[in-house]
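Have the viewer open as you read.

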Amino acid sequence: MKSGTVTIVGRPNSGKSTLLNTLVGQKVSIISDKPQTTRHRILGIFNDARGQIVFGDTPGIHKPQYRMNQRMQKTVIGALSEFDLVLHVVDASISFGAGERYVLEMIRQSSPRAVLAINKIDKTAKPKILPIIERYSTACAYLELIPLSAMTGEGIDLLLAKLFDYLPEGEPLYGEDRITDRNERFMAAEFIREKILERARQELPYTTAVLIRKFDESRRETKRLLVVAAEILVEKSSQQGIIVGAGGMQLKDIGSAARADLEELFDCRIYLDLHVRTIARWRDNDAVLDDLEVGT
Ligand code: GDP
Ligand code: MG
């Protein structure tokens, strides 16, 4: 049996979280078209007859501005050396530029064992793919370069087969029924944040966080009911107004969308209580960042 760890890295929006979810066959990491959606290292676990692969999703690699982003980047750098393999995800529809060079430099410095996933081939013209392969194979000594689509699943089986080839023999690290290392509180906060990101514009995605204040499981067995209270953090009262919306309609909409997702995830009814709170400059506040587990 094979057993190993693979960290997924790349620029923001290249499709790392989508790829992780497709690989493990379930949504463990939230997705949006906004950069910096992923703030934590999230593990997703794949099992089959060949063995187990533990994938680590990471925040996108970029130059950090806030303390929050510095902590996010630390988790990426840590992951580069701690995992057996690096899976570098690039967006085939975006041309090679400075952002990609920055990622390549980090990979070259920390780990020679890297596989390149050339993602989003579903929206890339076929003749464009060969030049991308040539470009990247001269830039870095990848073990493999694999065109794929995290969205449609094309190329995923080949990727898994190649990863298993390079991983060592060993016992599984996690029980075979686990699909992520993250607990349910964390998943609840992330699913709520995803609903905000889907509806938010401009600066809101970056200045919003979700803190779970109550996760009451006392009626889960008997009544199949989970009571969750969450606080949505923003940095300014104007942002608070946008999230709440006219007559509270936006917050209601976020709440009902999140509740529907959480009911499916936890397979029980959810009572969800959402509040919005303004904390100036929370992204530079270590106490808040500790509560949010950023950097862990
Ligand atoms: P991350 O920031 O690297 O984690 O990227 P996400 O997984 O959050 O995806 C960023 C955006 O790219 C989202 O809008 C995804 O739906 C989209 N995306 C990801 N993979 C693919 C793909 O294979 N094809 C297409 N067309 N879009 C994709
Ligand atoms: Mg992500």
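This is a predicted model: local features need pLDDT of at least 70, side-chain atom pairs count only at pLDDT 80 or more; totals for chains, interfaces and linings use all residues.

How about the length of helix α2? With 16 residues (67-82) at 1.5 Å a residue, helix α2 should span 22 Å, and its end C-alpha atoms are 23 Å apart, so the two values agree.

## Who surrounds ligand 1

Now over to the ligand. Ligand 1 has 18 residues around it, and the closest are N13, G15, K16, T18 and D122. Sorted by class, that shell holds 8 polar, 6 charged and 4 nonpolar residues. Helix α1 (residues 16-24) gives the most to the shell, with 3 residues.

## Polar contacts and burial

Which serines put a backbone N or O atom by an oxygen atom of ligand 1? S14 does, at 3.2 Å, and S32 does too, at 3.4 Å. S149 uses its side chain instead: one of its polar side-chain atoms lies 3.2 Å from an oxygen atom of ligand 1. As for cover, ligand 1 taken alone exposes 580 Å², and the protein buries 88% of that.

Terms used: Residues are numbered from 1 along each chain as its sequence is written. Chains are lettered from A and ligands numbered from 1 in the order in which they are written. Side-chain values use heavy atoms; hydrogens and water are left out. Helices (H or I, at least four residues) and strands (E, at least two) are DSSP runs, numbered from the N terminus. The expected span of a helix is 1.5 Å times one less than its number of residues. A residue is near a molecule or strand if one of its heavy atoms lies within 4 Å of it. A polar contact is a pair of N or O atoms within 3.5 Å; within protein, one must be able to donate a hydrogen and the other to accept it, and residues adjacent in sequence count only if both atoms are side-chain atoms. Accessible areas come from the Shrake-Rupley method with a 1.4 Å probe; for residues, only the protein chains shown count as cover. Ala, Val, Leu, Ile, Met, Phe, Trp, Tyr, Cys and Pro count as nonpolar, Asp, Glu, Lys and Arg as charged, and the others, Gly among them, as polar.
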